[in-house]
Amino acid sequence: MIRRAKISEIPDILSITRLCALKMEQNGIFQWNEHYPSEAAFLKDIARDELYVIEEGSILGTIVVSTFMDEEYIPIQWLTTSGNSTYIHRLSVHPEHQGKGLAQKLMDFAEAYSKENQFVSVRLDTFSQNHRNQRFYEQRGYQKLGDIFFPKQSEHPFHCYELVL
């Protein structure tokens with residue numbers, strides 16, 4: 001089941017994202033760290049009603065489906081006009097449950113939500129050193145458009161992607 005997250009679930013959500021960060025680090029991917037994702041980011045997501053969880057008895061993963069465009073995205077030459085897109089952030093699946101299609105379900109949910117609410121596209125970024133994520137999005141039809149930087153996370157760029165609905 002995918003549903004909106006509750007503020008009381010933030011400790012569980014942070015636990016999942018920290019475990020994901022550790023797993024990525026073990027694979028040489030330094031995408032998430034002590035600065036990101038943060039409790040403050042998740043609190044803001046909940047305040048905006050944009051944070052969702054997937055659960056099967058317990059919370060197994062997260063996704064943010066936002067209508068807010070971060071300023072880092074401004075220089076990107078998007079395929080569609082800005083102002084009517086959703087933005088995906090903080091997609092995570094507990095490492096013990098990865099490889100079971102949960103990320104696909106979360107993305108299916110986000111794309112269906114975007115379509116049902118008449119958004120024209122879904123936009124996101126993923127770490128340039130995380131080739132698995134890049135394949136994941138490209139197989140879903142996302143087009144890579146350009147790079148942005150988040151210096152608190154890494155010296156390496158993040159690739160921006162868009163799926164026109």
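Biologist: How many residues line the largest pocket, and which of them lie nearest its centre?

Modeller: The largest pocket is lined by 47 residues, and Q31, W32, Y36, R90 and L91 are those that lie nearest its centre. A pocket here is an open set of points on a 1 Å grid over the protein atoms alone, where a 1.4 Å probe fits and protein stands on both sides within 12 Å along at least five of seven lines, and a lining residue has an atom within 4 Å of a point. The model is predicted, so local features need pLDDT of at least 70 and side-chain atom pairs pLDDT 80 or more, whereas totals for chains, interfaces and linings use all residues. Residues are numbered from 1 along each chain as its sequence is written, and side-chain values use heavy atoms, with hydrogens and water left out.

Biologist: What volume does the largest pocket have, and which element gives the largest share of its lining?

Modeller: Its volume is about 1,200 Å³, and β4 supplies the largest share of the lining, six residues. Strands such as this are DSSP runs of E with at least two residues, while helices are runs of H or I with at least four, numbered from the N terminus. By residue type, the lining divides into 21 nonpolar, 14 polar and twelve charged.

Biologist: Why is R90 called buried, and what makes its phi stand out?

Modeller: R90, which is found in strand β4, has a relative accessibility of 12%; buried means under 20% relative accessible area, exposed over 50% and partly exposed in between, with a 1.4 Å probe and protein chains only, and therefore R90 counts as buried. Its phi is positive, about 55°, although R90 is not a glycine.

Biologist: Is Q118 buried or exposed, and how do you know that?

Modeller: Q118 has a relative accessible area of 59%, so it is exposed. This residue sits in the loop between α3 and β5, and its phi, near 60°, is likewise a positive value in a residue other than glycine.

Biologist: Why does H94 count as buried, and which residues is it in contact with?

Modeller: Because its relative accessibility is 16%, H94 counts as buried, although its place is in the loop between β4 and α3. Leaving aside neighbours within four places in sequence, H94 is in contact, meaning heavy atoms within 4.5 Å, with I16, L19 and L60.

Biologist: Which side chain makes a polar contact with that of Y52, and why is Y52 called buried?

Modeller: The partner is the side chain of R4, at 3.2 Å; a polar contact is a pair of N or O atoms within 3.5 Å, where one must be able to donate a hydrogen and the other to accept it. Y52 lies in strand β2, and its relative accessible area of 5% is why it is called buried.

Biologist: Which residues touch the most other members of the largest nonpolar core?

Modeller: They are L51 and I148, in a core of 26 residues, where a core is a set of buried Ala, Val, Leu, Ile, Met, Phe, Trp, Tyr and Cys residues joined through side-chain atoms within 4.5 Å. α1 gives the most to this core, with seven residues. A second, separate core has 19 residues, including I88 and M107.

Biologist: What kind of peptide bond joins Y36 and P37?

Modeller: A cis peptide bond joins Y36 and P37, with omega about -5°, and P37 lies in the loop between α1 and α2.

Methods:
Grid points are joined across faces, edges and corners, and a volume is the space filled by probe spheres set on the points. Ala, Val, Leu, Ile, Met, Phe, Trp, Tyr, Cys and Pro count as nonpolar, Asp, Glu, Lys and Arg as charged, and the others, Gly among them, as polar.
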